[in-house]
Amino acid sequence: TNNISCSVQRLVKGNFSRLPLGTKVCERLVRGFVGRQRSASSWTAVCTQRAVCKQRAVCKQRTQPTVTCHTSARSVDPDELRRFQSLAGKWWDDHGEFAALHALNDLRVPFIRDNLLNVHRTRVPGKPLGGLRILDVGCGGGLLTEPLGRLGANVLGIDPVGDSIGTAKLHSSIDPDLRDRVRYRACTLEELSAEREGGGREEQGAAQFHAVVASEVVEHLADLETFGLCCNHVLKPGGSLFITTINKTNLSYALGIVVAEQLLRIVPSGTHDWEKFISPVELERLLESNGFSVQSVRGMLYNPASGAWSWTDSTAINYALHAVKVRDDPDANQAEGHAEAAHS
C-alpha cells in the first residue's frame, strides 16, 4: 500500500491537472481507493484509444427506404486495429488481457437474454433465444458470440481484425452445437449495413436482425453518429440494441486509467483514453437522434480482488444500456410479427 501511495503521488500531478475537479480532489479520490484495495472497482480489460478525428455521418435520412451507410470504414481507427491485431491470439486466455471480458459475461449475457425475452416469446424448448438473429459488433474472438449462440440465437459476429475472426472461427469449430448457429465475418458495421438484399448472402440487406450487441466497443469508435445510424439500419423495427461501455467521469479516469493501468497493471498502459468515454446522457441523446428509444441503463462494478462483476446503482464508471428501434409503421410491423409467429 505504501508503494502504491508513493506511485500515486508521482502520477497525480501529471495525470489529474487537466480534470475539472482539480489535483487535490482527484488525489484524495485515488488515495481513498488505495486504502480500500479489496473493495470493488471498475474498468474494462479491453479499451483502446479510438480515433482522433470525428467525422459526421453523411447518410440519407432513416425514413427513406433507400437509406444506406457509407462503406468506408471511417468509424474504425487504424491504431485500434493494430493494437487488437497484436492481441488476436489471446482472446480465449481467461487469465490474460481479456480476463475482465470473460468475467463480464456473467452480467451481459443475462442482461441481453432477459431483455429479449421481454419482447420475444420462447420459440425453441431449452433455447430461450431460438429463432432470433443477433449481430455482435466488434466480436473479437467470439467471447460473447458463443454464449448467445448456445442460448439458441443465430449470431453473426463481425470484426475488422481478420486474425481475431480467425481465432473466433477456430474456437467455435470445436463445439458442434455452434456449427449451425454462429457465423463470423471480417468486416465493419458500415460495410454490412451498406449491403443490399440479394447476392446470395443470408445476412445481406437492411433490417435483418432482432438485436445488435456492441459490448465494450463504442469507446473505440471514431464516429458514433454513423454507428448509431447503421445500427438502426440493420435492425428490424422494434429490434434491440445492447451497449456496454465506460462513463466519462473523474472516477472513471481515476479507477479505469490511473489505478487499472498505471498502478495495478490490470490492463496495458495506454489502453484507455478518458476523452473518448461517453456518459449515459450523451449516449441516450445520440441514440434517440438516430431512431432509438432507451429502455434501461444499469451500472456495473468490477472487483479486481475477486475478478467478478456485479450490478450497482451507480453508473459513474461502467454501465449497460438497452435501447429499442422505434417502429415507424406499427401496422406493418404487427403483421410481420404475426407472420413470424405463424412460421415458428
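In what follows, a residue is called buried when its relative accessible area is under 20%, exposed when it is over 50%, and partly exposed in between. Please keep in mind that the structure before you is a predicted model.

Let me open with helix α9. Buried in this helix are Asn250, Ser252, Tyr253, Ala254, Leu255, Gly256, Ile257, Val258, Val259, Ala260, Glu261 and Leu263. That makes twelve of its 14 residues, and α9 is accordingly described as mostly covered. Its length also deserves attention. Just after the helix, Arg265 adopts a positive phi of about 55°.

I turn now to strand β8. This strand comprises residues 318-325, and because eight of its eight residues are buried, the rest of the structure largely encloses it. In a regular strand, side chains alternate between the two faces of the sheet. In β8, one side carries Asn318, Ala320, His322 and Val324, the other carries Tyr319, Leu321, Ala323 and Lys325, and both faces are covered.

Which strands pair with β8? One of them is β5, residues 235-246, which runs antiparallel to β8 and is joined to it by seven bridges. Another is β6, residues 292-303, which pairs with β8 over eight bridges, again in the antiparallel sense. Tyr319 illustrates both pairings: Thr245 stands opposite this residue, and Tyr319 is also the bridge partner of Gly299.

My next topic is the annotated site. An unreviewed UniProt entry carries the annotation "binding site" for Glu216, Glu219 and His220. Glu216 is located in the loop between β4, residues 209-215, and α8. His220 likewise has its place in the loop between β4 and α8. Are these two residues buried or exposed? Glu216 has a relative accessible area of 4% and is therefore buried. His220, at 8%, is buried as well.

Finally, we come to helix α8, residues 224-234, which contains Glu225. Why does Glu225 count as partly exposed? Its relative accessibility is 21%, and the cut-off for a buried residue is under 20%, so Glu225 falls into the partly exposed class. Glu225 and Leu287 lie 62 residues apart along the chain, while their C-alpha atoms are separated by 8.3 Å.

Thank you for your attention.

Notes
Residues numbered from 1 in each chain as written. Predicted model: local features only at pLDDT ≥ 70, side-chain atom pairs only at ≥ 80, totals over all residues. Heavy atoms only, no water. Buried < 20%, exposed > 50% of the residue type's maximum accessible area, 1.4 Å probe, protein only. Helix = DSSP H or I, 4+ residues; strand = E, 2+ residues; numbered from the N terminus. Pairing = 2+ DSSP bridges. UniProt positions renumbered as here; feature names shortened; annotations may be inferred.
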